[in-house]
Amino acid sequence: MISKSDIESIVERRAVPDSPVLSVYLDIDQSNAANLQDRFQTALKDMLRAIETHLDKPRLNNFSADAERVRQYVSGLESRAKGLICFSDDSENFFWTREIKAPVRNQARWSDTAYIAPLLEILDEYERYGVILVDKAHARLFSVYIGEIEEHFDALAPAPVRLIRTTGTDHILSERRFQSKAEMHVHWHLKHIAELLDKLVDQYGFDRLLLGGPVEATTALQQLLSKRVRSRVVERLSLPIKASVAEVLEAALGVERHVERQMEEQIVEQLIIGDAHHPSALGLEPTVDALCQERVWRLIYADSFHPRGGRCVNCTMLFARTEGSCDYCGAAIKPVDDLLEQMIERVLEQDGKIEEVTGDAALRLRQVGSIGAVLRF
């Protein structure tokens, strides 16, 4: 799982004179037929070769060493994720790599510092969930982020909580006193967990919080949480305190998918309604026009949308039509089969955001052309 410290270590790494960093983002998703039988290695070779062709001999030697480390790593990769990210600077013995369960677009760059913009874009698209399982005596905390899970601690109540029958004629009174003491320990235990969460929310950067365990314990804990932590609780999970890590992950991802669908529906409705501060474009042609004017802040499109369009042979402007003359320079327009892919690339180049929607949000968006954009102005 990628942590805050991982990102900080890369961001804070200073450029070293005459020692560029090779940055590689590689699609290794085995659900994509193009990647089966390790064919993603071919995509890597093509990207590296494209960089090599622009280098003189002295720089080529440095680049080759960086590239070889990436090639060796990828050649031994047993892909279980969707994307691979590598940063390599062999002369400084710097090699950083992570597999992530999020899609990435193939790209490679050799520059003074690690090219982290695509990584930051990916991380920005996902929320970090904290899952707390509690009962009257125990607590467990997990992070769930980009399809991965990590357990952080296992806390115990300061005193065991159980009802002990005493001997003698006053056992009923003794039971009541002990029960009162046990309830006090339960309260201390849950208050302690609430105080820990107030710190851990910041430490682990939780965007949302899920509570699991017996209803009595989760209800009491939620009431003890500070206002800012309580506002991040989005769901209670029907999980026992001893649930397996796999069970916790499955439940958390189910909530995450539900929340994501709700957010997508809100994004699409806001796109269609629009407002004075954030104008929008709806449909392919208006959206392409806005992109050519560098006005797109967020591109939104329905899944399975594959429009055809065209590109100017001279100035490379994109169009929703496949022929004719360029509106900007007058040169010919040639058809392209990957118009949406080219639009996405240009939005990212212009520091925009991408949002693919599915389910009911996609059905709603298809009613107005399957694609649109929230504009900068």
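Trainee: Which residues does Val296 touch, not counting those up to four places away in sequence?

Mentor: Val296 touches Thr287, Ala290, Leu291, Val347, Gly352, Ala373, Val374, Leu375 and Arg376. Touching here is contact, meaning heavy atoms within 4.5 Å. Keep in mind that this is a predicted model, where local features need pLDDT of at least 70, side-chain atom pairs count only at pLDDT 80 or more, and totals for chains, interfaces and linings use all residues. Residues are numbered from 1 along each chain as its sequence is written, and side-chain values use heavy atoms, with hydrogens and water left out.

Trainee: Okay! Which residues touch the most other members of the largest nonpolar core?

Mentor: Val296 is one of them, along with Leu284, Leu299, Tyr301, Met343 and Ile371, in a core of 21 residues. A nonpolar core is a set of buried Ala, Val, Leu, Ile, Met, Phe, Trp, Tyr and Cys residues joined through side-chain atoms within 4.5 Å. Buried means under 20% relative accessible area, exposed over 50%, and partly exposed in between (1.4 Å probe, protein chains only).

Trainee: And which helices and strands each supply at least two residues of that core?

Mentor: Helix 9, strand 11 (296–302), helix 10 and strand 16 (371–375) each do. Helices (H or I, at least four residues) and strands (E, at least two) are DSSP runs, numbered from the N terminus. Apart from this core lies another, of 20 residues, including Ile7, Ile10, Ala114 and Leu123.

Trainee: Tell me about helix 9. Which of its residues are buried?

Mentor: In helix 9, the buried ones are Leu284, Thr287, Val288, Ala290, Leu291 and Cys292. Their cover includes strand 10 (280–282), strand 11, strand 13 (318–319), helix 10 and strand 16.

Trainee: What about helix 10, which residues are buried there?

Mentor: Leu339, Leu340, Gln342, Met343, Ile344, Arg346 and Val347 are buried in helix 10.

Trainee: At what angle do helix 9 and helix 10 pack?

Mentor: Helix 9 (residues 284–292) packs against helix 10 (residues 339–349) at about 35°, and their axes are 11 Å apart. Axes are lines fitted to C-alpha atoms, for helices over the stretch in contact, and angles run from 0 to 180 degrees between N-to-C directions. On the helix 9 side you'll find Leu284, Thr287, Val288 and Leu291, which meet Leu339, Met343, Arg346 and Val347 in helix 10.

Trainee: Where does Asn93 lie?

Mentor: Asn93 lies in the loop between strand 2 (83–89) and strand 3 (94–100). Asn93 is not a glycine, yet its phi is positive, about 55°. With 62% relative accessibility, Asn93 counts as exposed.

Trainee: New topic! Are helix 2 and helix 3 roughly parallel or antiparallel?

Mentor: Helix 2 (residues 40–52) and helix 3 (residues 57–75) pack at an angle of about 175°, with axes 11 Å apart. That makes the pair roughly antiparallel. Angles under 35 degrees count as roughly parallel, over 145 as roughly antiparallel, 65 to 115 as roughly perpendicular and the rest as oblique. Helix 2 brings Phe40, Gln41, Leu44, Leu48, Ile51 and Glu52 to the contact, while helix 3 brings Leu60, Phe63, Ala67, Val70, Arg71, Val74 and Ser75.

Trainee: And how far apart are the axes of helix 8 and helix 11?

Mentor: The axes of helix 8 (residues 245–273) and helix 11 (residues 359–366) are 8 Å apart, at an angle of about 20°. Helix 8 and helix 11 are therefore roughly parallel. Their contact is made by Glu264, Glu265, Val268, Glu269, Leu271 and Ile272 of helix 8, with Asp360, Ala361, Arg364 and Leu365 of helix 11.
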